[in-house]
Amino acid sequence: MELSDLISLLGGVALFLFGMTLMGEGLKKVAGSKLELVLYKLSSSPIKGVLLGTGVTAIIQSSSATSVMVVGFVNSGMMKVRQAIGIVLGAILGTSVTGWILCLSDLQGGAGWVSLLSTATLTGVVAVVGIILRMFCHSQTKRHVGDILLGFAVLMFGMQAMSGAVAPLRESQAFLDLLTTFSNPLLGILVGMAFTCVLQSASAAVGILQALAATGAITFAVAYPLTMGIAIGAAMPVLLSSLGANTSGKRTAFVYLLIDVLGVVIWGSVFYGVNAAVHFSFLEMSLSSMQIALLNTVFRLATVLVLTPVIGLLEKLVCRLIPNREPTGPEEEDFDRLESRFVQHPALALEQSRQAVNNMAGEAKANLEDAFYLLRDYQEKKFQFILHREDIIDKYEDKLGSYLIQLTGKELTSQQNKEVTKYLHAIGDLERIGDHAMNIAECAKEIQEKNVVFSKEASQELDVLFAAVQEIVYNAITAFSTNDLELAYRVEPLEELIDSLCDEMKLHHVDRLQQGICTLHQGFVFNDLLTNYERVSDHCSNLAVAMIELESDAFDTHQYMISLKQARSHGFDRYYAEYRQKFSLPGD
């Protein structure tokens, strides 16, 4: 092969890979979150899983992408390994569709209008339509359709470039001798594996094999072992994607390799065993591009048919090969939810983020309740547990913050942008609520260690404030977790009342100091508690205001607070009066 032909071949491979990627990405974006949600919700039985895996992979043109997505589902706890096996089987079959698309490159034109059916004309028309949609349309969907068409055109140009570059090889004896060595089953499988591992795509490897078919030197004896090796090599991207996954995620990734290896062992043994007895006459027959696509599809279909009935056995086998690790706490399960694989699928990533943020809110609320409990009955063991949970809440903020920031760099709908903004604001306030819970617990520890006893009046006032803070925490976190706007509107009036209560209590405390009812030392702890209660209510207000503002397509918290208090809208006065009556200080 001359240098120019080699460069043309490499250029063709580059165009082929880029076109396939561009087309697959465009297809995923046009489908939006529907494909991912369909996989997640409708894979309840093995047969459904196989069919869905086949359909989704045929659409996005990548079994690796489908399988990596499924590894993410399992790793995050959204799907069981058994469900995933069915989808992986379907993905292995669905990826063969690309080979049939590439058969379009064999189309030949004729005279007159029939020439419009040629590959060159078809590719040119598709490319022109694609670039018009990409450059002149404002609709994102139309632009993505343009990407699909451009990807297809680039794919076809790459295929033609590869076919043209390898055409002179039909006269090369060295090339023919090299291909003959691949007819050795073991060597052919190894070469197919290595080639696919380098390309990271079974579709690309099969496409190159179809391009080589233009030389007329690809016989069945050569193509069959290479096809089996390509199937095994396709597992490499999926295995790499499982690095850092939990046990279930690793099992799902390994299933892809296991299925392909079993398919090769079963059908390799059957084919070569029968051939040893009857000596097939078609082994030296040259294959066309279409026949290679058929061979690839039949091999994968046969593998899926023989292994689908034994999905349960595959699950047991992979569970035995990859045993369970040490059990983890519920927060680790939440961190597993924040799958980096889902960043490419914002709908899934946001659903996982929502669950994790809600669980973070639950942890912050629980820590606050435990801290309140310590004020009445101090226990060192519970104090240490609050300290431990505070570390967990900090980890939630770190993990969720990093994950949500990654999402901001993706193409999101306006609603998804709202959700990301809402969660980013929420995790900061929830983390601060956790901090104040820790401060309250430390106040309880100081009360215990220094034997601080509040006066009857101070205790009664703290009980009233305590009840008001409990209510605002419940309202804010419940409203946030359930997206209840009506409940969110009740938060700000109560927050204003809590501010007022704190101011009154500080004045009352000064009066008691002057009368000698309370001491200065008691006052330090008393004021610390007031400060932390007030701050907790402020952060509850922030949670509710963020919800309300985002629903109204704006985010100016300060302006909202001013307008709310000035206009007294959304029942502000009514709620404030209700809470004023419910949480009144003794003597008021």
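Because K445 and E449 lie 4 residues apart in helix 20, they are separated by about one helical turn, helices being DSSP runs of H or I with at least four residues and strands runs of E with at least two, numbered from the N terminus. Their side chains meet in a salt bridge with an N to O distance of 3.6 Å, where a salt bridge denotes a side-chain nitrogen of Lys or Arg within 4 Å of a carboxyl oxygen of Asp or Glu. K445 counts as partly exposed at 21% relative accessibility, whereas E449 is exposed at 57%; buried means under 20% relative accessible area, exposed over 50%, and partly exposed in between, with a 1.4 Å probe and protein chains only.

The model is predicted, so that local features need pLDDT of at least 70 and side-chain atom pairs count only at pLDDT 80 or more, while totals for chains, interfaces and linings use all residues. Residues are numbered from 1 along each chain as its sequence is written, and side-chain values use heavy atoms, with hydrogens and water left out.

The protein chain holds 26 helices and 0 strands, and 51% of its 588 residues count as buried. Its accessible surface comes to about 26100 Å², with 61% belonging to carbon and sulfur atoms, as computed by the Shrake-Rupley method with a 1.4 Å probe, only the protein chains shown counting as cover for residues. Among contacts with a separation of 6 or more, 80% join residues 24 or more positions apart, contact meaning heavy atoms within 4.5 Å.

In total, the structure holds 16 salt bridges. One of them joins the side chains of D147 and R134 at 2.7 Å, N to O, and this pair links distant parts of the chain, with D147 in helix 8 (residues 140-166) and R134 in helix 7, 13 residues apart. D147 is buried, with a relative accessible area of 11%, while R134 is partly exposed at 28%. In helix 18 (residues 346-376), E369 and K365 are 4 residues apart and therefore separated by about one helical turn, and their side chains meet in a salt bridge of 2.8 Å, N to O. A network of salt bridges links E363, D370, K382 and R389.

Helix 7 (residues 119-136) also contains M135, which is exposed with a relative accessible area of 56%. Together with V128, I131, I132 and F136, M135 makes a nonpolar surface patch of about 510 Å²; patches consist of residues with over 30% relative accessible area and no salt bridge, like charges being joined within 9 Å and nonpolar side chains (Val, Leu, Ile, Met, Phe, Trp, Tyr) within 5 Å.

The axes of helix 14 (residues 247-278) and helix 15 (residues 289-307) come within 10 Å and cross at roughly 100 degrees, and the two helices are therefore roughly perpendicular to each other. The contact involves residues including I259, L262 and W267 of helix 14 and F299, A302 and L307 of helix 15. Axes are lines fitted to C-alpha atoms, for helices over the stretch in contact, and angles run from 0 to 180 degrees between N-to-C directions; those under 35 degrees count as roughly parallel, over 145 as roughly antiparallel, 65 to 115 as roughly perpendicular and the rest as oblique.

In the loop between helix 14 and helix 15 lies H279, which has a positive phi of about 55 degrees although it is not a glycine. H279 is exposed, with a relative accessible area of 58%.
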